[in-house]
Amino acid sequence: MTHLPFIAASYALAVLVPAAFGLNAYQRLRRARRRLAALSGHGHKARSAGNP
Amino acid sequence: MSPSSVKAIAEPRGAPRRGWHRFANPGRFLRAASKVQPWLTAFGVVLTAVGLIWGLFFAPADWQQGDAVRIMYIHVPAAWLASAGYLMLALCSAASLVWRHPLADLAAAEIGPIGAGFTALCLATGSLWGKPMWGAWWVWDARLTSVLVLFFLYLGHITLVRAFDDPTRGYRAGAILALLGVVNLPIIKFSVDWWNTLHQPATISLTGAPSMYIGMLWPLAFSAVGYACVFAALALAGTRAAVMERRIRALLLAEAARAEDSVPGAADALETQVPA
């Protein structure tokens, strides 16, 4: 295969760029779900404590 | 109050909006996006993998360019998505300015970095193709320069959106920049026709038959559709996360206000109770 280093670098970037965005989005979604669950529980407990 | 009068008052608020406007409701958007996004991701990853593997190992080499033509299966979809992404960004910005949809603001803020990433991919793969073919990593050609301007427009939008303490002001400023930057899209498209450029003219057009061997066209089509699905899935995932993060901020503020009312100073301690 001619120009192999250029082709290999291009294909590496083609995988790495979308993968980096995907990983970032996945981590943000996971963190947001965890925080929302924690906050919902906290709010529920706080409201329950306020209204026995 | 009779049940019919309650319905008459309640209906305008609860009545589903027609057309695309109904997805401006964050809850409805989250429900729809959580169903669509996994399929879009899977579809995009499979199509992209097929297109790239086909292009890398099974498509023929070009008689002039040799195997360097295989970079085209990345470079061309990235270039199309850089422009299409900016058009989406501009449409979201227009929706934000006209209808003041918070969801349009969040979508625009999420499309910006992804579009910048695909523009950077287009520029990098163009350079990696240009060095062996033209003998230079970069030339100040009209097509290359206008795509570089597009990259700077994306960076400007990302910076503006995050530059203000009040997010709404950031979204407005970003939306205005995005709409002004639309003028660059036809310049990118027609730069190879308007000026005498080193970059080759379009091989594929919407109106004419493609001047490309079918064995090269198919992997390019797979790669382009796959990358488009990946782009859309990334934008959807980012917007979902942004909607949830906004909801978290709202809940934290409400909790802080409630805590401040009951125990002065308790609001400061609240943030530490929620896992990061």
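Which helix of chain B does Ser93(B) lie in? I find Ser93(B) in helix α3, residues 72-99. Helices here are DSSP runs of H or I with at least four residues, strands are E runs with at least two, and numbering starts at the N terminus.

I am working with a predicted model, where local features need pLDDT of at least 70, side-chain atom pairs count only at pLDDT 80 or more, and totals for chains, interfaces and linings use all residues. Residues are numbered from 1 along each chain as its sequence is written, chains are lettered from A and ligands numbered from 1 in the order in which they are written, and side-chain values use heavy atoms, with hydrogens and water left out.

**Ser93(B).** I looked up burial next. Ser93(B) counts as buried, at 1% relative accessibility. Buried means under 20% relative accessible area, exposed over 50%, and partly exposed in between, with a 1.4 Å probe and protein chains only. I then listed contacts, meaning heavy atoms within 4.5 Å. Neighbours within four places in sequence aside, Ser93(B) touches Ala108(B), Ala175(B), Ala178(B) and Leu179(B).

**Val139(B).** This residue sits in the loop between α4 and α5 (142-161) of chain B. With neighbours within four places left aside, I get contacts to Trp134(B), Leu144(B) and Leu198(B). Leu198(B) is 59 residues away along the chain, yet its C-alpha atom is 8.3 Å from that of Val139(B).

**Chain A.** I count 1 helix and 0 strands in chain A. Of its 52 residues, 29% are buried. Chain A exposes about 3300 Å², with 65% supplied by carbon and sulfur atoms. That area is Shrake-Rupley with a 1.4 Å probe; for residues, only the protein chains shown count as cover.

**Interface.** I find 47 residues of chain B in contact with 29 residues of chain A. The buried area between the two chains is about 3300 Å², and carbon and sulfur atoms give 73% of it. Buried area is the accessible area (1.4 Å probe) that two parts lose on being put together, summed over both. Between chain B and chain A I count 2 salt bridges. A salt bridge is a side-chain nitrogen of Lys or Arg within 4 Å of a carboxyl oxygen of Asp or Glu.

**Cross-chain salt bridges.** Glu110(B) pairs with Arg28(A), with the closest N and O atoms 2.9 Å apart. On the side of chain B that touches chain A, α2 (26-58), α3, α4 (102-134), α8 (214-262) and α9 (266-273) each supply at least two residues. α8(B) gives the most, with 16 residues. Arg28(A) also forms a salt bridge with Glu245(B), closest N and O atoms 3.0 Å apart. This pair runs from helix α1 of chain A to helix α8 of chain B.

Glu245(B) is partly exposed at 23%.

**Within chain B.** The whole structure holds 5 salt bridges over all chains. One of them joins the side chains of Arg172(B) and Asp105(B), at 3.6 Å from N to O. The pair links distant parts of the chain, 67 residues apart: Arg172(B) in helix α6 (residues 167-181) and Asp105(B) in helix α4. Arg172(B) is buried at 15% relative accessible area. Asp105(B) counts as buried too, at 6% relative accessibility.
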